[in-house]
Amino acid sequence: MDMQRIPARKGNHNLRQYEEMRASFKWEDIHQKFSWNETGKVNIAYEAIDRHAENPLKKDQIALLYSAPGREETLTFEEISKQSNQFANVLKKYGVNKGDRVFLFMPRSPEFYVTFFGILKTGAIAGPLFEAFMEQAVRDRLQDSEARMLITTPELLERVPQDELPNLEKIVLVGGNLEDSGKYIDFTKEMADASDAFDIEWVDLEDGMLLHYTSGSTGKPKGVYHVHNAMIQHYATGEWVLDLKEDDIYWCTADPGWVTGTSYGIFAPWLHGVTNVIRGGRFTPEDWYETLAKNKVTVWYTAPTALRMLVSAGEDLVKTFDLSSLRHIMSVGEPLNPEVITWGLKAFDLRIHDTWWMTETGAQLIVNLPSEEIRPGSMGKPIPGIEATIVDNEGNEIPPNQMGNLAIKAGWPSMMRQIWNNPGKYESYFINGWYVSGDSAYRDEDGYFWFQGRLDDVINTSGERVGPFEVESKLIEHPAVAEAGVIGKPDPQRGEIIKAFITLNPGYEESSELLEDIRKFVKTELAAHAAPREIEVRDSIPKTRSGKIMRRLLKSWELGLPTGDTSTLEE
Ligand code: 6R9
């Protein structure tokens, strides 16, 4: 087969239909599919869960097919609906109102999904956090969002610096056996007392629903604010890109602390009423295949890092599992290597469809559609309703085959509506009516987009977005570290690894113990995925005259590349 072009397979629509949609589709066309068409009021929790629970033919269908080491459980649409009603009543009892921020900090578990929808049903804004976050990461997010309530587990509680969170009124503890006292609310006990009927808070399409914190190249992580309206695009891409049909068994491997784990781990599948596989815990390649085989997964959404891990595990392993149910695979988060696509054709006899989008975009924008030819190495084309282009630094469109900044015509349904508490930052994303992504890319004559890299210093390690500034700030909190500069270093398995350059304070000598101690410090205070895999001690860190760390220069040195313009380098 010609690796440059992988022919289309069958999808929900054929190519001609997509081309027609690209020419004439309007997002408003999707509105008719939802109840707000009549009432003008909406709640994404109703459309994703309660709507199916009200349907006699759907209510007993398994919505959540959960497994983790030591725990297997299923929940039907009716069960999630009732349990999230119960939890919404608990939240109301403790004074949660529309617009309040309620955060979730716990492992993937049935309780995560129940409490998540409970939050949305009250009209409050949900803020999911990665379970792996350590104290500093938790503090930054809860402080910035002024969260009133947090749902967590007794094990994770020690990472919540309660003294420094004046707005945090209550903490719901899932698991354990705590007496209700003062700040703590016992989940199990409260749920047992709560009614499973709840008057859902009907909100406007533009009302807030979700805050996802994500990293930029400077400053603290920023709160990307999404509204209920996003569901229009979650629904549409669920049909076009995920290719969902009602009897699908769908698995998205992403954690809900990441936008992929909410938009495509929660909303898109359940808006379509499919059975959603959730796998908790850490995985080996065997676990991945077993999850696919045992649950007879039909549609699978994963990431290049995971796929590369499977490639390394070899073709013999995949052949020992019955994966005959699988019919559609997608990837997101990092560039999808053509080698992985080639391997997918051999291992699964399926194409792997790349999808491009960001926390800020809320849903997929540039994709390989099932009925469209794939050009390995390209992210594909914009979905219907989306206009994408390449712009220069002034926001002017540039011709095909020239590299520039990937930009999207502002105004799509799932676009972020705010950066929490930071209107200036929000404005800085837009120029001439374009949302400018910060990814460099080019577009070929046929309209396929080709990713080239990040234009800023943001690191993408195993698909996780890490801001160098956060890691540098943490590093210099270590008593031995005077200054730090952090870069992403290319890595065949992880995309990039985090490499830190540091200078030491007087009185400290370089040793492998010290470097390991510094690494551990970042790991335990910030997050495991943010800990540098490599640390290099230097006499100085290159800085501009205005004192900014020149990460670009560090990177050039690391890669043995020309250093370019160093005129702003401090002597
Ligand atoms: C959904 C998500 C966004 C950044 C984005 C880009 C990179 C995402 C990609 C991709 C190459 C793809 N990225 N998808 N790079 N090919 N298909 O990943 O959100 O965590 O905010 O990251 O990830 O650099 O700008 P987020």
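Which helix and strands each supply at least two residues of the shell around the ligand? They are helix H10 (259-271), strand E14 (352-356) and strand E22 (449-454); helices (H or I, at least four residues) and strands (E, at least two) are DSSP runs, numbered from the N terminus. This is a predicted model, where local features need pLDDT of at least 70 and side-chain atom pairs count only at pLDDT 80 or more, while totals for chains, interfaces and linings use all residues. Residues are numbered from 1 along each chain as its sequence is written, and side-chain values use heavy atoms, with hydrogens and water left out.

**Ligand shell**

- The ligand has 19 residues around it, and Trp-258, Asp-354, Thr-355, Thr-359 and Arg-465 come nearest (near means a heavy atom within 4 Å).
- E14 gives the largest share of the shell, 3 residues.
- By type, the shell splits into 9 nonpolar, 5 polar and 5 charged residues, with Gly counted as polar and Asp, Glu, Lys and Arg as charged.

- Arg-465 has a polar side-chain atom 2.6 Å from a ligand oxygen.
- For Asp-439, a polar side-chain atom sits 2.9 Å from an oxygen of the ligand.
- A side-chain N or O atom of Arg-454 lies 3.1 Å from a ligand oxygen.
- On its own the ligand exposes 530 Å², and the protein buries 98% of that (Shrake-Rupley, 1.4 Å probe).

**The sheet**

- Nine strands form an open sheet with mixed pairing, in the order E2-E1-E11-E10-E12-E13-E14-E15-E16; two strands pair if DSSP finds at least two bridges between them.
- Strand E2 (71-76) and strand E16 (381-382) are the edge strands, each pairing on one side only.
- Strands E10 (residues 249-252) and E12 (residues 299-302) run parallel, joined by 3 bridges.
- Cys-252 has Tyr-301 in E12 as its bridge partner.

Terms used: Polar contact = N/O pair within 3.5 Å; in protein donor to acceptor, adjacent residues only side chain to side chain.
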